[in-house]
Amino acid sequence: SAVDSRVPAVAGNELNVPLVTGESVGYANLDHGASAPCLDSVRTAVDQLLPWYASVHRGAGFASQVCTRVYEGARDVLRDFVGARRTDSVVFTRNTTDALNLLAGALPRGTSVVVFDTEHHAALLPWTGPRVRRIEAPATPADAVAALDAALAECPEGPRLAVITGASNVTGELWPVAELARVARRRGARTVLDAAQLAPHRPVRIAELDIDYVAISGHKLYAPFGAGALIGRADWLNAADPYLAGGGATRKVNERAVSWNTGEERHEAGSPNTVGVHALAKACETLSVNWVNVVEHEEALLRRLRAGLREVPGLRELCLFDADRERVGVVSFSIDGQDPGLIAAALSAEHGIGVRDGLFCAHLATKRLLSRAGSDAERAVRVSIGLGTTAEHVDRLVNALHELVAEGPAWRYELVDGRWTP
Ligand code: PMP
């Protein structure tokens with residue numbers, strides 16, 4: 001049950017949690033898809049920076065110079081991490097949601113946007129106006145490519161943007177990113193890749209795939225909350241209004257007018273999250289030199305997980321494309337006759353296992369996939385694995401589900417404020 005020593009260590013493997021049975025067990029965090037635990041290397045990097053905590057860009061002191069260098073240096077690390085062009089901007093944001101909203105506000109007037117309606121709300125909702133076209137969930141990767149091609153062909157003249165996702169946060173399935181990017185380019189559209197769920201599990205290469213923008217979140221990449229990035233072409237970003245108005249974004253201010261900086265500063269007004277950015281960069285560096293082991297570790301555990309789940313009576317796994325599609329370590333399911341909220345509560349209270357239940361900020365996708373799977377449940381349970389996961393966690397989950405299906409939750413639960421509570 002030991003943590004795989006070939007992969008970078010995460011904090012929290014030793015966490016013990018109390019159960020309603022009175023015992024205490026090692027916590028099995030099977031919710032990496034929501035937020036991943038912090039890497040040990042990241043914790044060390046943060047500890048090393050904290051004594052140097054000082055203002056970025058604004059101070060003349062030595063500590064300020066150190067922080068400024070750390071902050072600015074992180075842009076190169078992130079550019080490398082996503083395989084971006086040397087000329088791409090790296091704008092630091094709070095997370096993926098923030099990054100995609102920033103881009104939505106920076107589109108040239110009259111840009112047509114095409115987006116699949118199965119996207120996470122962060123990628124679905126920032127685009128508004130009459131030139132936004134939502135296309136229905138495709139049944140196969142080839143259908144997705146054809147649907148995007150057809151939708152872009154019908155866009156009016158002018159700038160176009162296709163929104164694509166690397167890996168689904170509901171099913172873990174990989175989207176055909178290279179093919180989607182190719183048809184978008186052929187139709188004269190730019191592309192933005194929501195890599196929130198892909199980047200923690202697979203290398204992302206935007207220049208190689210000819211993708212224009214990518215958005216990522218630090219807290220899914222084994223760094224703490226509060227730092228993410230939008231990386232991509234500088235021209236639209238430099239021409240757009242600043243994302244926030246304030247200090248740092250300005251070049252010159254007088255009584256009558258403001259002139260704004262170009263470059264990343266234009267969209268980063270206010271004192272930045274230096275520690276978060278440093279942590280994010282360290283996480284990217286650690287993953288970059290460990291990909292082979294990271295992918296192998298996750299794939300072995302994912303095979304074990306899906307094989308185990310297949311044996312649970314009445315369990316229906318959600319799939320966007322099909323069960324054989326390549327995927328990252330995210331699996332959502334319903335179990336016939338069982339309430340998903342109750343399953344999640346019992347896994348936590350009786351087995352020390354953290355999962356998520358609900359619609360996962362992708363309401364259209366999850367509801368449609370439940371119905372495609374023949375389930376009458378209105379919500380699903382999601383299990384997501386990563387570097388903090390062990391084979392024992394997976395086996396514990398599968399055994400717990402068998403037990404829950406056979407016997408029902410061992411303890412009495414009631415709904416309190418919408419949550420099942422023992
Ligand atoms: N896109 C996908 C595919 C996601 O999984 C998530 C997070 N669940 C987001 C976007 C939004 O990320 P954040 O909450 O960090 O902004």
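These exercises, each with a worked solution, concern a predicted model.

**Exercise 1. The annotated range**

State which residues the UniProt annotation covers, and give the helix and strand content of that range.

*Solution.* 
- Step 1. Read the record. The unreviewed UniProt entry carries the annotation "domain: Aminotransferase class V" over residues 29-397.
- Step 2. Take the content. Over residues 29-397 the chain is 38% helix and 17% strand.
- Step 3. Check the ends. The end C-alpha atoms of this range are 11 Å apart.

**Exercise 2. Helix H2**

Compare the reach of H2 with the expected value, then list its buried residues and what they pack against.

*Solution.* 
- Step 1. Take the length. H2 spans residues 62-81, which is 20 residues.
- Step 2. Compare the reach. From first C-alpha to last, H2 reaches 29 Å, close to the 28 Å expected at 1.5 Å a residue.
- Step 3. List the buried positions. They are Cys 67, Tyr 71, Ala 74, Arg 75, Leu 78, Arg 79 and Phe 81.
- Step 4. Recall the helix repeat. With 3.6 residues a turn in an α-helix, residues three or four places apart point the same way.
- Step 5. Find the partners. The buried residues of H2 pack against strand S4 (89-93), strand S10 (228-232) and helix H9 (274-288).
- Step 6. Look past the end. Gly 83 follows H2 and has a positive phi, near 60°.

**Exercise 3. Around the ligand**

Which residues come nearest to the ligand, and how does the shell divide by class?

*Solution.* 
- Step 1. Take the shell. It holds 13 residues, and Asn 95, Thr 97, Asn 169, Ala 196 and Ser 217 come nearest.
- Step 2. Trace the elements. Helix H3 (96-106) and helix H4 (121-124) each give two or more residues to the shell.
- Step 3. Split by class. The shell has four nonpolar residues, eight polar and one charged.

**Exercise 4. Helix H3 and Tyr 243**

Decide why H3 counts as largely enclosed, and locate the residues that Tyr 243 touches.

*Solution.* 
- Step 1. Count burial. Eight of the eleven residues of H3 are buried, so H3 is largely enclosed by the rest of the structure.
- Step 2. Name some of them. Among the buried residues are Thr 96, Thr 97, Asp 98 and Leu 102.
- Step 3. Find the cover. It includes S4, H4, strand S8 (190-194), S9, S10 and H8.
- Step 4. Turn to Tyr 243. This residue lies in the loop between helix H8 (234-239) and strand S11 (250-253). Tyr 243 has 21 C-beta neighbours inside 10 Å, so it counts as buried.
- Step 5. Pair it. Not counting residues up to four places away in sequence, Tyr 243 touches Leu 102, Gly 105 and His 267. Tyr 243 and Leu 102 are 141 residues apart in sequence, yet their C-alpha atoms are 6.1 Å apart.

**Exercise 5. Loop residues**

Are Lys 220, Tyr 222 and Phe 360 buried or exposed? Use the cut-off of 20 or more other C-beta atoms within 10 Å for buried.

*Solution.* 
- Step 1. Lys 220 sits in the loop between strand S9 (213-217) and S10. Lys 220 has 27 other C-beta atoms within 10 Å, so it is buried.
- Step 2. List its contacts. Not counting residues up to four places away in sequence, Lys 220 touches Ser 35, Ala 36, Ala 196, Gln 197 and Pro 200.
- Step 3. With 30 other C-beta atoms within 10 Å, Tyr 222 is buried. Its phi is positive, about 70°, although Tyr 222 is not a glycine.
- Step 4. Phe 360 is in the loop between strand S16 (356-358) and H12. Phe 360 has 24 C-beta neighbours inside 10 Å, so it counts as buried. Phe 360 has a positive phi of about 55° and is not a glycine.

How values were computed
Residues are numbered from 1 along each chain as its sequence is written. This is a predicted model: local features need pLDDT of at least 70, side-chain atom pairs count only at pLDDT 80 or more; totals for chains, interfaces and linings use all residues. Helices (H or I, at least four residues) and strands (E, at least two) are DSSP runs, numbered from the N terminus. The expected span of a helix is 1.5 Å times one less than its number of residues. A residue is buried if 20 or more other C-beta atoms lie within 10 Å of its own, exposed if 12 or fewer, and partly exposed in between; C-beta atoms are placed from the backbone. Two residues are in contact if their C-beta atoms, placed from the backbone, lie within 7 Å. A residue is near a molecule or strand if its C-beta atom, placed from the backbone, lies within 6 Å of it. Ala, Val, Leu, Ile, Met, Phe, Trp, Tyr, Cys and Pro count as nonpolar, Asp, Glu, Lys and Arg as charged, and the others, Gly among them, as polar. UniProt positions are given in the numbering used here, feature names are shortened, and annotations may be inferred rather than shown by experiment.
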